[in-house]
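Please look at the sequence and the structure below before reading on.

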2 protein chains.
Amino acid sequence: MKSATILGAGLVGSLLAIHLAKRGYKVEVHERRPDMRKENIPAGRSINLAMSDRGWRGLEKVGLREDIESIAIPMKGRMIHALDGTTSFQPYGKEGQAIYAVSRGVLNCALMNLAEQQDDVQLFFNERCVHVDLQKHMLHFENPRSDSYSEKSYDLLFGADGAFSALRHSMQFMDRYNYSQQYIEHGYKELMIPSDANGRHKMEVNALHIWPRGNFMLIALPNIDGTFTCTLFFPFEGDVSFQKLKTEGDVRKFFTEYFPDVIPLMPGYITDFFQNPTSSLLTVRCFPWQANGNTCLIGDAAHAIVPFFGQGMNCGFEDCSVLSELMDEHGDDWKTILPLFEALRKPNADAIADLALNNFIEMRDLVADPHFLHKKKIEKMIAEKYPEKYISPYQMVSFSHIPYSDALKNGAAINNVLDQLTRVEQLESKFESAEIQKMILPILFG
Amino acid sequence: MKSATILGAGLVGSLLAIHLAKRGYKVEVHERRPDMRKENIPAGRSINLAMSDRGWRGLEKVGLREDIESIAIPMKGRMIHALDGTTSFQPYGKEGQAIYAVSRGVLNCALMNLAEQQDDVQLFFNERCVHVDLQKHMLHFENPRSDSYSEKSYDLLFGADGAFSALRHSMQFMDRYNYSQQYIEHGYKELMIPSDANGRHKMEVNALHIWPRGNFMLIALPNIDGTFTCTLFFPFEGDVSFQKLKTEGDVRKFFTEYFPDVIPLMPGYITDFFQNPTSSLLTVRCFPWQANGNTCLIGDAAHAIVPFFGQGMNCGFEDCSVLSELMDEHGDDWKTILPLFEALRKPNADAIADLALNNFIEMRDLVADPHFLHKKKIEKMIAEKYPEKYISPYQMVSFSHIPYSDALKNGAAINNVLDQLTRVEQLESKFESAEIQKMILPILFG
């Protein structure tokens, strides 16, 4: 019988297990953590996600779209909170387009349940892979609960074990293995806006809220229980940084200065600030992703990215969709599929890594940078004149299946044209002229 | 008593042991390999080195310069071998300036002997560090010979354990640790030109010989026994690559086509080609280099670079010189010294990594690229007009102690001016004009 082993029962590992099971594979999934459906696990990472088109396609393929959609909250645009408390709304796309706030835990549990409902899928928990022997096709596990140690052989192995992947770590010692892990200078801390007395959201629910403050920002995503999960993205070091916020007074002063409108919404912010961990953010790039035609990285294990485009899970689900299409074409010929998979996905993973890093700067600058706002205004003019033909880089990433690498290239071309247009004096009066329309032509589609 | 532990008894580890011993430290050095003074170790890496000013300064500080100088061969310039067999000589610097071919093994043995002659230096061999516990200050060793395992605590630890450093590997799991290992697409293979019937060199001895062939090259460095060590730098994959040279016929055809003048000098090239390993080349960048003010990477462990500028060992020895100067200033205050050390050296390590990658392109293109040769010709005109004031990037790196980061910056400025000058028509007739001299001014020193 065909068999596959997956490291990691996270979002991508669970989805991949379903895909493989549906094609007749006997699948074993080994997860380092306890079963989150039975035990309350302290949130190691952000508790909500922004699902967009690539993620939905991944769920659609396994028939989970409707279930998840029913508990997802559409966010139709960004609600920008200026320092003076005024707000402005920027739609993400056209009427009807939205990204969706989804609970990571609920989604992960749904995927694990569906995986276990398949024939021949087994999930094992508390099994920490400590080493993969790529030559002998052997996995070495430690079980921290039972203090036991075990070994297992594999025929086909996927490492869906996240940014700190054990499989990737073993691959790193292959000759000519390219690898990089780069942290940004910002960390993050989660805070909470509780629901109001009636259990309802205290702010507009169908938006992703952003308090852009130049070098840092606060964001908030809605949860279905009426709360918002807020995340402060903030430098570790420097004049205004985590390092400098040592006392309750420091934190109070900081929020009073930069987020005065948030304080009344978030009564527990000082306690949260000191209780919740400060986490770091990294980009992982590596190549190759596969070895011997029977071992492959997927999801964050192959391409961990910073969260500013909300594409980490979406990109991992797209990995699964692409792999599934390759199985349609090449059956069980993994020696063909895996090299094709890495060749197809690596340029796109590199592109979304760059797009995500760039989007942090865009989000932080939303209010502050006049040149950026000038470009946004011009972009809006173009989008209104060509509602069908103009697609913003954000839309390409979130509301299309255009390869990320094309979105990156097109984004650079758009940025170049917008830069040129900012230098045109009295642009609005000349906007309909042949000269200006000629400048816009290269960034229109279709 | 003050004590220090060093991982690695290579060139940098041994030199560092001498420096620390001279300041009253009890030093233990743990080396993974057997003692190369007692056993014949298969050459894992290039067997000769190019020593230049930064390396000499390192040896001078411990009184080894004269000993090594007596067995070093000055290479005053590059001898370029064109495809048609004609040769041309390009001096590296001014009269009297040279880089020196030195045997890696001889130099390493001399440094180990000198280290053991100090009070309180002990070298341990066959001790492979498998893990460093940075919190508990514990080293974990495996001894592959005795199949034994041991642990040792440390007060002050240096990882001089090379490109695949065990210390760095343990540091990689620190939060926010930036790390990258990038292989180039070329590998290398060593070959040998034996001495003539009289035990003498078959080619000009005081030169570094280069056969530049566009995308690849062969080089040769003289040894004191009359031989030359040749290294073929060659793509792993592609139309003309290691991958394509499978049979003796393939290798013979390749050498006949690209290095016809080398064949008569190198009778055993076909046997050598199949017996000697094909090795890969990487750049390692990481940060931080130190942890807790008591643990630090040095040499290749902190900054492995490709060999094309001949600066790997020179840069590692400069690390030791800089550390020694910091000890002059700050005594045994390692919590002050180590952060200063990494702050001073990291930008220079990054710069020499880039310079080394760039120099590969320069060396390969020496004959092939007309634009490059045009620039070289203009550079020569400038150097001849301003013998004191013009210093080429090569000279800054090899014959000065200008920080590598300044050499990189100055090199970019020089390249920019040379590019501009290539666009001047009939430059030679205008060379003395005020206009041209004004263009040259920014790249003159003093």
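A:Y179 counts as buried (under 20% relative accessible area, with exposed over 50% and partly exposed in between, for a 1.4 Å probe and protein chains only), because its relative accessibility is 1%. B:Y179 is also buried, at 1%.

The model is predicted, so local features need pLDDT of at least 70 and side-chain atom pairs pLDDT 80 or more, while totals for chains, interfaces and linings use all residues. Residues are numbered from 1 along each chain as written, chains are lettered from A and ligands numbered from 1 in the order written, and side-chain values use heavy atoms, without hydrogens and water.

Over all chains there are 51 aromatic pairs. Rings of Phe, Tyr and Trp (its six-membered ring) pair if their centres lie within 6.5 Å; planes under 30 degrees apart are stacked, over 60 edge-to-face, and the rest tilted. Two of these pairs are listed here.

| Pair | Centre to centre | Angle between planes | Class |
|---|---|---|---|
| A:Y179 and B:Y179 | 6.2 Å | 40 degrees | tilted |
| B:W56 and B:Y100 | 5.3 Å | 85 degrees | edge-to-face |

Strands (E, at least two residues) and helices (H or I, at least four) are DSSP runs numbered from the N terminus. B:W56 in helix α2 (residues 53-61) and B:Y100 in strand β7 (residues 99-103) are 44 residues apart in chain B. Both B:W56 and B:Y100 are buried.
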